[in-house]
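Subject: Structure handover

Hi,

Here is the structure I said I'd pass on. Have a look first, then read my notes below.

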Protein chains: 2
Amino acid sequence: MKLLILGQGNVGTHLYTAFTAKHVDCTLHSSREGLDNLPAADCILYAVRDDALEQVAAQVHTDRRVLHLHTSGTMPLTVFGDDKPHAGVFYPLQSFSKNRPIEDYSSIPVFFEARGIDDVSAIYSLALMITSHVYEVSQQDREQLHLCGVLVNNFPNLMFRIAEDIARRIHVPFSTLLPLIDETAAKVHQLSPCEAQTGPAKRGDQNVMNRHLQLLQDPQIQELYRLCSTLIQKLPS
Amino acid sequence: MKLLILGQGNVGTHLYTAFTAKHVDCTLHSSREGLDNLPAADCILYAVRDDALEQVAAQVHTDRRVLHLHTSGTMPLTVFGDDKPHAGVFYPLQSFSKNRPIEDYSSIPVFFEARGIDDVSAIYSLALMITSHVYEVSQQDREQLHLCGVLVNNFPNLMFRIAEDIARRIHVPFSTLLPLIDETAAKVHQLSPCEAQTGPAKRGDQNVMNRHLQLLQDPQIQELYRLCSTLIQKLPS
């Protein structure tokens with residue numbers, strides 16, 4: 001199996017690292033140039049921005065037997081036209097950063113979708129080269145998983161930014177918060193997020209919540225604090 | 001130094017484990033009974049609920065030389081009356097759970113406050129028995145740190161609960177989200193939270209954000225999504 005990865009951004013670079021580490025014959029190619037003269041491959045993985053995907057795919061002309069897979073959490077499989085009967089989605093749920101190596105790709109889940117049932121085993125085998133967590137999901141469920149990614153990565157990171165700003169103002173290094181951040185992640189390996197919930201909102205300690213609202217000066221961050229506290233109390237436990 | 005820890009909840013139990021591991025002569029005692037007949041100690045650590053603290057402290061009568069320290073992130077030092085001239089705060093910033101051992105206490109920061117300057121070195125020495133991260137902070141700054149704790153622990157955990165609920169509905173195990181949760185925490189050891197921010201809100205991808213809002217059905221969770229997205233875009237980068 002010759003694999004061609006299109007796109008040299010975070011996702012493309014990391015997938016290239018993961019596959020070559022498993023001795024897959026893999027080439028990493030820019031998605032911005034030379035699309036009419038691509039190296040031969042059995043499978044092309046599109047690791048390009050959502051808004052560029054359809055246009056890049058339209059410029060790629062291959063033998064009809066080639067398998068075309070995009071890596072987006074949100075774009076449908078139909079971005080690949082009828083000239084690509086073997087098509088699918090290969091969505092690794094992880095946050096890739098260029099300057100941060102991933103230590104263990106084998107724990108990263110890959111969610112896939114296939115245009116035809118005859119492509120399922122090919123995509124499955126490809127994913128199993130780098131991870132042992134492979135799931136076939138529909139477009140709708142993949143979108144839900146992408147939403148989960150936003151919830152467990154983007155939004156907690158926003159909370160870290162707000163806390164970093166507070167720590168900076170009182171001249172305490174952000175690094176003092178890291179053990180708590182690590183424990184927050186480690187806890188839900190052992191307890192359900194529901195069991196792991198603690199804090200003034202969980203306890204219903206209105207005095208502390210009022211004091212925290214006083215300390216926060218930005219009205220939108222106050223509103224965020226109120227909303228999170230309300231939801232912590234409202235969600236079924 | 002003989003240490004007496006009052007309160008057998010999460011904080012008391014963990015501090016007891018941490019101090020005894022460092023061979024400190026330490027006793028763990030209930031805060032609910034026998035307060036008039038406590039074992040002799042040089043220092044009493046109050047690991048009791050905020051709303052019980054003042055009442056428990058008032059029932060503890062010791063030699064005036066004994067050092068009294070509470071462990072609350074929010075309560076003032078003045079919960080200790082004039083009969084306790086040596087008093088202070090010993091606030092470890094960590095989320096302790098009864099059934100989860102802490103692997104490394106030495107990375108946990110302890111923020112302290114002392115009633116008198118002559119108690120600073122005693123409290124400092126005590127904290128250094130279990131950790132190398134010890135900071136003297138004012139009541140106001142300690143409250144800010146407690147707020148940071150809510151931001152980096154309680155609120156991310158709320159996001160995990162919402163994501164767990166979505167994953168359950170689409171029959172994907174919550175464990176598939178753990179590598180991303182781990183990476184979210186690991187990233188900010190290396191990048192600032194600001195640099196680590198990614199996602200549709202950061203990219204300004206309104207299509208994806210609208211789709212996610214459709215997928216979320218609870219109006220308050222939709223509002224949370226909107227507010228987080230707005231703040232991700234608004235906060236200085």
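Let's start with one helix pair: helix 9 of chain A passes helix 9 of chain B in a left-handed crossing (left-handed if the near helix is turned anticlockwise from the far one by less than a right angle, right-handed if clockwise; helices are DSSP runs of H or I, at least four residues, numbered from the N terminus). Residues of this contact divide into 8 nonpolar, 4 polar and 2 charged (Ala, Val, Leu, Ile, Met, Phe, Trp, Tyr, Cys and Pro count as nonpolar, Asp, Glu, Lys and Arg as charged, and the others, Gly among them, as polar). Among those meeting across the pair are Leu224(A) and Leu227(A) on one helix, and Leu224(B) and Leu227(B) on the other.

Before going on, keep in mind that this is a predicted model: local features need pLDDT of at least 70 and side-chain atom pairs count only at pLDDT 80 or more, while totals for chains, interfaces and linings use all residues. Residues are numbered from 1 along each chain as its sequence is written, and chains are lettered from A and ligands numbered from 1 in the order in which they are written.

As for the whole interface, 77 residues of chain B are in contact with 77 residues of chain A (C-beta atoms, placed from the backbone, within 7 Å). Helix 4 of chain B gives the most to its side, with 24 residues. By class, that side of chain B has 43 nonpolar, 22 polar and 12 charged residues. The copies meet through the same surface, because 100% of the interface residues of chain B are also interface residues in chain A.

Cheers

Note on methods: Helix = DSSP H or I, 4+ residues; strand = E, 2+ residues; numbered from the N terminus. Contact = placed C-beta atoms within 7 Å.
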